[in-house]
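This report describes the fold, the nonpolar core, one hairpin and the salt bridges of a protein model.

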Amino acid sequence: MTPVSAALLLGGLLLSACHARGQAAAAAPSVCAASNGVGRLTLQLNTTPPVPETSEALVRLESETERSTVRVNAVLGTTFELRPGRYQLSISLPGFNSAERSASIECGSARTLIVPLARKR
């Protein structure tokens, strides 16, 4: 399965966000410039039992300064482009137990977060 891309930019300015994370001054501009000041977080949901392809999960992303809630295809997942920082994710899908996860994003990073969701009993 190929994740669907969704751009969600949270946080401060591109260069100030890179420098604020304590990256080396020589490395930060090139890494941040090449990645447009963001990192990628791919979210994949593993549901037990599997859900229909039209199922949507609600994903709430929070950082120190921003909050956003988006709908995500529960089968395909998604890729977020995020400003550097630490994020809390809350994932809910009707009929399934909710999940909470955290992720740290750096300029130019690419992370995959696989979240299992089990049906409520």
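## Fold and model confidence

From the N terminus on, the order of elements in the protein is β-α-α-β-β-β-β-β-β-β, which gives two helices and eight strands. Helices (H or I, at least four residues) and strands (E, at least two) are DSSP runs, numbered from the N terminus. The model is predicted: local features need pLDDT of at least 70 and side-chain atom pairs count only at pLDDT 80 or more, whereas totals for chains, interfaces and linings use all residues. Residues are numbered from 1 along each chain as its sequence is written, and side-chain values use heavy atoms, with hydrogens and water left out.

The mean pLDDT of the protein (the predictor's confidence in each residue, from 0 to 100) is 81, and 74% of the residues reach 70 or more. Over residues 1-28 the pLDDT is below 50, and this stretch has 56 contacts in the model beyond near neighbours in sequence; a contact means heavy atoms within 4.5 Å. Where pLDDT is low, the predicted coordinates should not be read in detail.

## Surface and contact range

The protein has 121 residues, of which 37% count as buried. Buried means under 20% relative accessible area, exposed over 50%, and partly exposed in between (1.4 Å probe, protein chains only). The accessible surface comes to about 6,900 Å², and 52% of this belongs to carbon and sulfur atoms. These areas come from the Shrake-Rupley method with a 1.4 Å probe; for residues, only the protein chains shown count as cover.

Among contacts between residues at least 6 apart in sequence, 62% join residues at least 24 apart.

## The largest nonpolar core

The largest nonpolar core has 22 residues, and L45, V59, L89, I91, V115 and L117 touch the most other members. At least two residues of this core come from each of β2 (39-48), β3 (56-62), β5 (78-82), β6 (85-92), β7 (99-105) and β8 (110-118). Such a core is a set of buried Ala, Val, Leu, Ile, Met, Phe, Trp, Tyr and Cys residues joined through side-chain atoms within 4.5 Å. In soluble globular proteins, nonpolar side chains tend to be buried together.

L89 illustrates these surroundings. Leaving aside its neighbours within four places in sequence, L89 contacts L41, V59, R60, L61, A99, E100, R101, A103 and L113.

Six residues lie between the strands of the hairpin, where G95 takes a positive phi near 85 degrees.

## Salt bridges

Three salt bridges are found in the whole structure, each being a side-chain nitrogen of Lys or Arg within 4 Å of a carboxyl oxygen of Asp or Glu. R40 and E81 meet through their side chains at 2.8 Å, N to O. This pair links distant parts of the chain, with R40 in strand β2 and E81 in strand β5, 41 residues apart. R40 is partly exposed at 40% relative accessible area, and E81 is likewise partly exposed at 24%.

The side chains of R60 and E62 form another salt bridge (2.8 Å, N to O). R67 also bridges to E62, with the closest N and O atoms 3.9 Å apart. Through shared partners, R60, E62 and R67 are joined into one network. Relative accessibility is 31% for R60, which is partly exposed, and 28% for E62, also partly exposed; R67 is exposed, at 60%.

Conventions: Pairing = 2+ DSSP bridges.
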